[in-house]
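Student: I am new to this structure and would like a close look at a single part of it. Please take me through that part slowly.

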Amino acid sequence: MDNSDKTSTEHFLSLLTPVQGRIFAYILSRWPNKADAEDLMQDSITTMWNKFGDYKPGTDFQAWAITIAKYKVLNFRRKNLRSPVCFNNQALEALDGHAEDFLKQYDYRMGALAGCVKKLREADRKLVEMKYLREYPVARIAERYDVTTRMIYKTLSKIHNTLMHCVRRTLAESRVYE
C-alpha cells in the first residue's frame, strides 16, 4: 500500500467512524433483523469504500453514506419481499421523512448511555464491556467469574434496568424526550 492509498483509507475511516453507529441505526430502522442489518451494513461500507472517489470532500458524509445504505436496504427488500419484516414503499418513504429526527434522538440517547455507563460501578462497567464491546458469550463470562450463567444474566438485567432509568432521567433532565 503506497502513501496515497494509506491516506485515502485513513480519510475514509476518519469520516466513517463517527457516523457508523448512526448508519447502522438507520439500517436497523428499515430492516429490524439484526443479522441481516449487519450484512447490509458491511455491504454498505464496501460500496462506500468502492465509491469513495465519488464522494465530494466537504459535503455531508453521513448523508452520502445513508443514501448508499438506503439503496442497499431497498435492493435487499426487493429480493426478500416475502419476509415478515418487509415494509412497503410508502412506509419506507414515511420513515425517511423522520430519519433526521431519529438520528438526532439516537445521538442524544447514545450520549446519555455513555454518561450512564461511566456512572456504573467498575465491576458492572467491566461486565458490560465484556458482554457488549468484546461480545463474550455469557458462559465465558460466568466461567471467568466462577459463577453460574444465571447469575450473570441476573446481574446484566439489573445493570440494564439501572442504565435504562439513568438514560430516561438524563434525557428528561436535558428536556430531550423519548
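This is a predicted model: local features need pLDDT of at least 70, side-chain atom pairs count only at pLDDT 80 or more; totals for chains, interfaces and linings use all residues.

Tutor: Residues are numbered from 1 along each chain as its sequence is written, and side-chain values use heavy atoms, with hydrogens and water left out.

The link of Cys116 and Cys166 is left-handed, with -85 degrees about the S-S bond. A search of the whole structure finds one disulfide (a pair of cysteine sulfur atoms within 2.5 Å), and in the disulfide that joins Cys116 to Cys166 the S to S distance is 2.1 Å. Cys116 lies in helix H6 (residues 99–119) and Cys166 in helix H9, so the pair ties together parts that are 50 residues apart in sequence; helices here are DSSP runs of H or I with at least four residues, numbered from the N terminus. Both cysteines, Cys116 and Cys166, are buried, that is, under 20% relative accessible area with a 1.4 Å probe, protein chains only.

Cys116 also belongs to a core of 17 residues, among them Leu120, Val128 and Met130, where a nonpolar core is a set of buried Ala, Val, Leu, Ile, Met, Phe, Trp, Tyr and Cys residues joined through side-chain atoms within 4.5 Å. In soluble globular proteins, nonpolar side chains tend to be buried together.

Conventions: Buried means under 20% relative accessible area, exposed over 50%, partly exposed in between (1.4 Å probe, protein chains only). Helices (H or I, at least four residues) and strands (E, at least two) are DSSP runs, numbered from the N terminus.
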